[in-house]
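The sequence and structure are shown first.

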Amino acid sequence: MDRGPESGVSSGTVGAVAETPAEGKKLVFVCVNVDCRVRGASEVMERLGAGVQKECAKDQQGPCGNTEIRPYMCFGGCHDGPNVIVYPDRVWYAGVKPDDADTIVEDHLKNGEVVKPLTGKIDKDLQDMIFNLLDFGIY
């Protein structure tokens, strides 16, 4: 997988690194732990990176121009993976297929519309816990 700056995929380490996203920046986290990876998370991550590069990078001032795709070790929603979180929007997508990645880029990242069929599958308490970790800068 290409992880250079042109790919839209961060080459940073997987897991907890305390930081806060810059104003206007979107971080798209893709679970890369075993269960999600077996279900296609690597391809989802590649498609998200390619979509961000194609659709978002050409307009840095647009709604998705400052978006970064990052791996995340595990969100805990293994049975519903692959899991993708768009932050700081606090949207959790579960059961994401590679074709869904294109829809997430187009509908959510470019147009600000949540892809409803991919939401609501994860326990609310688990979502809140993960979103709180992200709010505290634990990536």
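This is a predicted model: local features need pLDDT of at least 70, side-chain atom pairs count only at pLDDT 80 or more; totals for chains, interfaces and linings use all residues.

Contact here means heavy atoms within 4.5 Å. By that criterion, and leaving aside neighbours within four places in sequence, histidine 108 is in contact with Val86, Asp89, Val91, Tyr93, Thr103, Glu113 and Val114. Histidine 108 belongs to helix α3, residues 98–110. This residue is buried, with a relative accessible area of 3%, because buried denotes under 20% relative accessible area.

The sheet is open and has four strands in the order β2-β1-β3-β4, with mixed pairing. Its edge strands are β2 (67–72) and β4, each of which pairs on one side only. From one strand to the next, the twist averages 20 degrees. Two helices pack on the sheet, as tabulated below.

| Helix | Strands touched | Angle between directions |
|---|---|---|
| α3 | β1, β2, β3 and β4 | about 170 degrees with β4 |
| α4 (residues 124–135) | β1, β2, β3 and β4 | about 50 degrees with β3 |

Strand β3 (residues 84–87) is covered on both faces. In a regular strand, side chains alternate between the two faces of the sheet. Here Val84 and Val86 lie on one side and Ile85 and Tyr87 on the other, and all are buried.

Strand β1 (residues 26–31) runs antiparallel to β3 and is joined to it by four bridges; valine 30 has valine 84 as its bridge partner in β3. Three bridges, also in the antiparallel sense, pair β3 with β4 (residues 91–93). Across this pairing, valine 86 has valine 91 as its bridge partner, and valine 84 stands opposite tyrosine 93. β3 and β4 form a hairpin with three residues between them, and arginine 90 in the turn has a positive phi of about 60 degrees.

Methods: Residues are numbered from 1 along each chain as its sequence is written. Side-chain values use heavy atoms; hydrogens and water are left out. Buried means under 20% relative accessible area, exposed over 50%, partly exposed in between (1.4 Å probe, protein chains only). Two strands pair if DSSP finds at least two bridges between them. Axes are lines fitted to C-alpha atoms, for helices over the stretch in contact, and angles run from 0 to 180 degrees between N-to-C directions.
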